[in-house]
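User: I would like to go through this structure step by step. Please start with the terms and then take the parts in turn.

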Amino acid sequence: MSSSSLNKTALSAGRRMRETLASRSITPFIGIYDVFSASIASRHFDSLFVGGFGFAASYYGLPDIGFIAWPDIVAFVQRVRTVLPEHNILVDIDDGYCDTEVACHVVSLLEASGASGVVIEDQKRPRRCGHFDGKQIMELEEYLDKLRTVLATRRELFVVARTDSSDPEDIAIRVKAFADAGADAVLVDGLKSFDTIRQLKALVDRPLCFNQIAGGKSPDCTLSELSEAGVSLAIYSTPCLFPVQTAIEDALTELKANDGSLAKSRIGVKDCTKILSENLVRRGSKCI
């Protein structure tokens, strides 16, 4: 391991993420859904996102409407961190899994497991994906109590405070309150206009996040457009999950059409094993 890698590893994951954000105008966080997709994404980007949509789909085969259990998320982050020791890992923890006490416990476990940051939202249960309809919002003071306690619990973990409010006036009030409470960054999910981002940028002195999901409520945009609008963290929720759905459908359709022949497969056992072997090297294995 190089001296620069040793220096990076010596830093906490939260501090490394802060250094990354400070060195760039905007950082994309790529949504992963399992350790294999994380391994592929890590070849292209240094910042990853563990989102509810992808995790609920891959781990449970269910929509992102509140089924996720916190021990599953913590175990997943541990597995990702084991094979990717230097990447930034931002984790969506929904509402902190109900109670404030549970939220703080999860935050402590995730930080100890190597998470770089978390996103915690102000939705009531039953919750919904940020780009679904039917969301219910917590009273502001109730959420702020939880947020402040989480902030007091973490050590260097990066905390993104998220609102799912859709009312412009309420959004402004909440984002200002999140910043005043000490959140490291703020996220308004399901935004339909860049105008809101520009208004919020003028209102608070915290980094702004923007969450993109194909087919979601927010407009399609480039990193350059987001940066110009004032966004510092660009979350891509499902850039691994959705293409895999198409790829599997196409591969199996082709397999049937070719009478079960694998002759036209683009990826073979050596290609796949190369990625897995890279993970062994990163975790310091002596098995190869």
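Analyst: A term comes before the helices: axes are lines fitted to C-alpha atoms, for helices over the stretch in contact, and angles run from 0 to 180 degrees between N-to-C directions. Bear in mind that this is a predicted model.

User: At what angle do helix α4 and helix α5 pack, and is α4 roughly parallel or roughly perpendicular to α5?

Analyst: Two packed helices are described by the angle between their axes and the distance between the axes. Helix α4 covers residues 52-60 and helix α5 residues 70-83; their axes are 12 Å apart and the angle is about 95°. Angles of 65 to 115 degrees count as roughly perpendicular. That makes α4, relative to α5, roughly perpendicular.

User: How many charged residues are in the contact of α4 with α5?

Analyst: From α4, the residues Phe55, Tyr59 and Tyr60 meet Asp72, Ile73, Phe76 and Arg79 of α5. By class, this contact has five nonpolar residues and no polar ones, and the number of charged residues is two.

User: How are α7 and α8 oriented to each other, roughly parallel or roughly perpendicular?

Analyst: The axes of α7 (residues 140-153) and α8 (residues 168-181) come within 10 Å and cross at roughly 25°. Angles under 35 degrees count as roughly parallel. The two helices, α7 and α8, are therefore roughly parallel.

User: How many nonpolar residues are in the contact of α7 with α8?

Analyst: On the α7 side are Leu140, Tyr143, Leu144, Leu147, Arg148 and Leu151, which meet Ile173, Arg174, Ala177, Phe178 and Ala181 in α8. The contact of α7 with α8 has two charged residues, no polar ones, and a nonpolar count of nine.

User: In what order do the eight strands close into a barrel?

Analyst: Strands of a sheet pair through backbone hydrogen bonds, either parallel or antiparallel. Here the pairing is parallel; for example, three bridges join β1 (residues 27-32) to β2. The eight strands close into a barrel in the order β1-β2-β3-β4-β5-β6-β7-β8.

User: Which residues of β2 point the other way from Ser47 and Phe49?

Analyst: In a regular strand the side chains alternate between the two faces of the sheet. Strand β2 spans residues 47-50, and its four residues are all buried; Ser47 and Phe49 point one way, and pointing the other way are Leu48 and Val50.

User: Which residue in β6 stands opposite Val160?

Analyst: Strand β5 (residues 158-163) pairs with strand β6 (residues 185-188) in the parallel sense, over four bridges. Opposite Val160, the residue in β6 is Ala185.

Notes. Residues numbered from 1 in each chain as written. Predicted model: local features only at pLDDT ≥ 70, side-chain atom pairs only at ≥ 80, totals over all residues. Heavy atoms only, no water. Parallel < 35°, antiparallel > 145°, perpendicular 65-115°, else oblique. Contact = heavy atoms within 4.5 Å. Nonpolar A, V, L, I, M, F, W, Y, C, P; charged D, E, K, R; others polar. Buried < 20%, exposed > 50% of the residue type's maximum accessible area, 1.4 Å probe, protein only. Pairing = 2+ DSSP bridges.
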